[in-house]
Amino acid sequence: MSGRKQGETPADEGGSGTKPPRIKISKSSDAGDAKNVSKRLKDMEICVPIVCGTIAFYLGRKASESQSHKWTVYVRGATNEDLGVVIKKVVFQLHPSFNNPTRVVESPPFELSECGWGEFEIAVTLFFHSDVCDKQLDLFHHLKLYPEDESGPQTTKKPVVVESYNEIVFPDPSENFFARVQNYPAVVVPRLPAGFNLPNPAPIENMAERERGDTKDHPLSQWFLNFSEADELLKLAAARQQLIC
């Protein structure tokens with residue numbers, strides 16, 4: 001197993017040109033389209049860069065053997081923007097030894113924290129707003145508590161960070177979805193034909209009542225990895241929007 005954190009690119013691989021992982025969501029069913037009165041924009045795609053990750057802190061020698069680490073699992077925007085305009089809720093499926101192992105987070109930031117001693121695979125299921133997609137997306141992330149280099153004692157100051165980057169692609173988006181995210185910094189949208197007018201976006205339920213959902217000032221943000229793929233993708237999107245204006 002490599003000693004490199006998942007998603008981290010060594011300096012000598014910066015120009016490898018490897019394409020980032022893209023997850024293309026299958027088109028909504030006819031039943032889903034019937035519920036969503038918004039028209040669909042054919043032959044277009046909306047791309048949402050996301051990061052799924054875990055950060056684990058060793059609690060030191062005074063911690064109990066069964067509660068040796070505190071960890072957080074999360075789904076965040078690749079540039080730490082609020083994903084609540086796309087994602088409705090996230091379900092985290094923990095190891096069955098935890099109380100209430102199925103945890104539902106219904107507003108951003110989409111995360112949960114726990115204490116424990118063992119590593120395991122966490123199933124992460126994303127559910128989207130009705131005008132985005134009627135299908136769920138299943139991801140899997142391995143919780144890692146112990147560093148690759150175990151030559152010295154584990155420190156309480158530096159956590160073990162594992163993050164994976166993905167680009168979720170939504171084909172034939174609805175007009176409502178497109179209108180809501182066309183100027184949103186965390187989402188990549190294509191250019192519309194000249195003279196094409198979108199309807200006013202329908203508001204998301206309880207959006208105004210929610211707390212701030214981005215992760216720019218998150219207590220753990222200093223440990224988040226930077227993904228150059230997301231930066232380049234969103235720069236291109238911003239340039240495209242300037243051309244439109």
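Analyst: Start with pairing: two strands pair if DSSP finds at least two bridges between them. Keep in mind that this is a predicted model.

User: What makes strand 4 and strand 7 a pair?

Analyst: Six bridges join strand 4 to strand 7. The rule asks for at least two, so the two strands pair. They run antiparallel. Within strand 7, Ala123 stands opposite Gln93.

User: How do you know that strand 7 pairs with strand 8?

Analyst: Again, count bridges. There are six between strand 7 and strand 8, in the antiparallel sense. At least two are needed, so this is a pair too. Glu121 has His142 in strand 8 as its bridge partner.

User: Why is Arg103 called buried?

Analyst: Its relative accessible area is 16%. Buried means under 20%, so Arg103 qualifies. Arg103 lies in strand 5, residues 102-105.

User: Which residues of the largest nonpolar core touch the most other members?

Analyst: They are Trp71, Val75, Val86, Leu126, Phe128 and Phe170, out of 42 residues. Strand 2 gives the most to this core, with five residues. Phe170 touches Val86 and Phe128, among others.

User: Why would such residues gather?

Analyst: In soluble globular proteins, nonpolar side chains tend to be buried together.

How values were computed: Residues numbered from 1 in each chain as written. Predicted model: local features only at pLDDT ≥ 70, side-chain atom pairs only at ≥ 80, totals over all residues. Heavy atoms only, no water. Helix = DSSP H or I, 4+ residues; strand = E, 2+ residues; numbered from the N terminus. Buried < 20%, exposed > 50% of the residue type's maximum accessible area, 1.4 Å probe, protein only. Core = buried A, V, L, I, M, F, W, Y, C linked by side-chain atoms within 4.5 Å. Contact = heavy atoms within 4.5 Å. Lists of a residue's contacts leave out its neighbours within four places in sequence.
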